[in-house]
Amino acid sequence: MDLMNLTACQLSKKIKSGETKVSEIINEAYKQIDLKEKELNCFITLYEKEEALAKGKKVQELIDKGELTSPIAGVPVVIKDNICTKRKLTTCGSKILNNFVPSYSAEAVTRLEKAGAIIIGKSNMDEFAKGSTTETSYYGITKNPWNKKHVPGGSSGGSCAAVAADMCSFSLGTDTGGSIRQPSSHCGVVGLKPTYGTVSRYGLIAYGSSLDQIGPIGKDVRDCATVLEIISGYDEKDSTSVMRKDCDFTSALSENIQGIKIGVPKDYFAEGLNQEIKEAVIKGIEVLREKGAIVEEFDLGLTEYFIPTYYIIASAEASSNLSRFDGVKYGYRAEEYNGLHNMYKETRGQGFGKETKKRIMLGTFALSSGYYDEYYLKALKARGLIKKKFDDTFKKYDVIIGPVAPTTAPKLGESLKDPLKMYLSDIYTVAANLAGLPAISIPCGMDKNGMPIGMQIMGDCFQEKKIINIAYAYQQAVDQGQIRR
Amino acid sequence: MADKINEKIIEDMAVLAKLKLSKDEIEETKKDMIKMLEYVDKLKELDTENEEPMYQVFSKNNVFRDDVVKNKDDREDILANAPERENDTIVVPKTY
C-alpha cells in the first residue's frame, strides 16, 4: 500500500478501521523524506522520527479508545516556518530569527494538534513570506518535486513541495498575495486561502496584517475543506478574527453545481498569459459548464492597478511589522556594534536578506512624511475601489474562475534577475488579499514539459462553500491521474 | 517622483528603517526603488477623490477584552530567547 500517496482523509479512515497504524504512516513519511529531502530542501526544521513516533503512539491510543475521531487524526503534517510552534525553532526563513524558539503555538497549530494531526517539521519559505519562488530563504532554495531545475513557487514553497513529494499528507501555508495558491499551482496540489479573518492569525508572524491568512495545502479538495474546518473559527486572541457560524466547509463537498454562475474575467486571459495555461484553464471551465454551471465572460477592470496597490500596502505593512526585529529581546543580535542605534542597524542590516530589506525600504518610503499621502493613502483608496469592483462582480456571479499564474514554475535563478517581472506574476492572486476574498487553486493540467498548471476559483467574502463545491465537483469529474501524475 | 530618488533619500530611509546598507546595497536599492516607483506611479491614473482609504477589509474598531491574565507562566521560555541575559533580565546596550 502506497500510504503517502493517499489523502489525509483516506489515511485517517484506514487508521480507524485498523488497516494501518499511525506508526506505519510516520515511518513511510520519513522514508520519503530520507529519499528526497536532501535534493528538495523542503524543511528548515525536520523533527526527529522518534519524536514523531512518540506523538503518534499517543494519538493511536486515543483513536483506539474512540476518543479521537477527527477526520485527520494520525496523519503527518508540515507547518510553514512563519507559524509559531511552541518550543520549536521558528525562523520565517530568516537569519534574524535563526535561534528563535516561541513560547507558544499559533492557534491554527493548537487546533490541528487537538485534532490529532502529527507535526513532523517546519517548512522552508521565502524570507518573511516576501517572494514568489522560495529562493530568498536564509536556509537555502527549495526545489520543485516535478522538476528539480525549477522553483516550487513561493512563499509557501516548502509546504507545497512537501505535500507534492508525499513527505506529509497536508501542510499549512500562509497567503498574503498568493503565497498558498501560486506554489500549489506550481506543485500540482490544492491550496486554499480563506476569507480574511476566518483563520486566527494568533501565532502567525505578520507580514501584511490586513492581507495575511493561514490556509491548508493538500492532495485534494476534500482534505483542504476538512483541514480548513478544523483550523477556522473565532479566536479572541486575534482582534481581526471574524465570528463565523458557517465553518462546516465539508458540507459543501457536493458534485452538484447546477445553475451556479461562473464569471470568467477577460482581463485574466489577455496578453502575458502562457498559451498552454490559457487552454488548460478554459478546458477546466468547460468541464464545469458540462456539469451544469452557467459560464459567462465579462470585463473585470482595474486589473492593471492590482499590483501597484498590493505592493505599496504590503511593503508598508511589512516595514512596520518587521520593525520589531531589532536584536533586543530575541533573535539574532550583531556581535559588534557601537551603541544602541548602531546595534539596531547592524543587526537588521546583517539579519535581513536582500529582498526583505528592499521591501522594508519601499514600505518605509511609502509611509514617510511627505510621501504618505501620495503613496500609502493613495493605495488604500485604490484598495477601496478594487473591493467595490469585486462587490459588484459578485452580485452577478457566484464565483470567478481564472488562472493562478501567467507561467508554470520558472527555472531556478530566473525570477530574481527581474524582480519587477516577478512581482507582475502575482497579477491573478493579489486581488483576493486586497479584497479579503476566499480563493482556491486546483490542478487542471500540465504543460508540455510536464509542469503542473493550476486553476483559481475565487468567491465573495465568506463564500468558501461555493468555491469548495465547484472545486470538488471539478475534481470528481476529471481523471486526476491525467491532471496530477 | 521616481526620478527624484537619489542617494540622500535612500540614506534617509535607511535611517528611518534602522538598516545598515553597504555602498553597493544603497546603489542597488536606489535602482530598484526607481523602477518600483515608476511602476506604482500608475496609481495616479485612478480617480480616488471621493474614496475613503480602506485600511482593512472588515472595519472592526476597538476590539476589547477584559484585562485578565490568561497565559501560564512562560517566563523561562521567553528569557531563553534573550541574546544576552543576566539572571532574569535581558542585557542591552545603554540607551543614553
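## A buried glutamate in a loop

Let's start with A:Glu135, which counts as buried at 10% relative accessibility (buried means under 20% relative accessible area, exposed over 50% and partly exposed in between, using a 1.4 Å probe and protein chains only). This is a predicted model, so local features need pLDDT of at least 70 and side-chain atom pairs count only at pLDDT 80 or more, while totals for chains, interfaces and linings use all residues. Residues are numbered from 1 along each chain as its sequence is written, chains are lettered from A and ligands numbered from 1 in the order in which they are written, and side-chain values use heavy atoms, with hydrogens and water left out.

A:Glu135 sits in the loop between strand 3 and helix 5 of chain A (helices are DSSP runs of H or I with at least four residues, strands are E runs of at least two, and both are numbered from the N terminus). Leaving out residues up to four places away in sequence, A:Glu135 touches A:Asp126, A:Ile141, A:Val151, A:Leu412, A:Gly413, A:Ser415 and A:Leu416; contact here means heavy atoms within 4.5 Å.

Phi of A:Ala129 is near 65 degrees, a positive value in a residue other than glycine. A:Thr134 is another non-glycine residue with positive phi, near 55 degrees. As for accessibility, A:Ala129 is buried at 3%, and A:Thr134 is buried with a relative accessible area of 0%.

A:Ser155 belongs to this loop too, with strand 3 spanning 118-123 and helix 5 spanning 157-164. The peptide bond leading from A:Gly154 to A:Ser155 is cis, and its omega is near 10 degrees.

Among the buried ones are A:Ile467, A:Asn469, A:Ile470 and A:Tyr474.

Helix 7 (residues 221-231) of chain A meets helix 15 of chain A, with axes that come within 9 Å and cross at roughly 155 degrees. Axes are lines fitted to C-alpha atoms, for helices over the stretch in contact, and angles run from 0 to 180 degrees between N-to-C directions. Helix 7 and helix 15 of chain A are therefore roughly antiparallel (under 35 degrees is roughly parallel, over 145 roughly antiparallel, 65 to 115 roughly perpendicular, and the rest oblique). A:Val221, A:Arg222, A:Ala225 and A:Leu228 of helix 7 of chain A face A:Glu464, A:Ile468, A:Ala471, A:Tyr472 and A:Gln475 of helix 15 of chain A in this contact. By class, that gives 6 nonpolar, 1 polar and 2 charged residues; Ala, Val, Leu, Ile, Met, Phe, Trp, Tyr, Cys and Pro count as nonpolar, Asp, Glu, Lys and Arg as charged, and the others, Gly among them, as polar.

## A perpendicular crossing

Helix 9 (residues 306-321) and helix 11 (residues 354-367) of chain A have axes that come within 7 Å and cross at roughly 100 degrees. Helix 9 and helix 11 of chain A are therefore roughly perpendicular. The meeting residues include A:Tyr311 and A:Ile312 in helix 9 of chain A, and A:Arg359 and A:Leu362 in helix 11 of chain A. The contact of these two helices divides into 7 nonpolar, 4 polar and 1 charged.

Helix 11 of chain A also contains A:Lys357, which is buried with a relative accessible area of 6%. Not counting residues up to four places away in sequence, the neighbours that A:Lys357 touches include A:Phe352, B:Leu19, B:Leu21 and B:Glu25.

## The nonpolar core

The largest nonpolar core has 178 residues, and those with the most contacts inside it are A:Leu112, A:Ile262 and A:Phe390. Helix 12 (residues 373-396) of chain A supplies the largest share of this core, 10 residues. A nonpolar core is a set of buried Ala, Val, Leu, Ile, Met, Phe, Trp, Tyr and Cys residues joined through side-chain atoms within 4.5 Å.

Setting aside neighbours within four places in sequence, A:Leu112 is in contact with residues including A:Ile72, A:Phe170, A:Val227 and A:Ile231.
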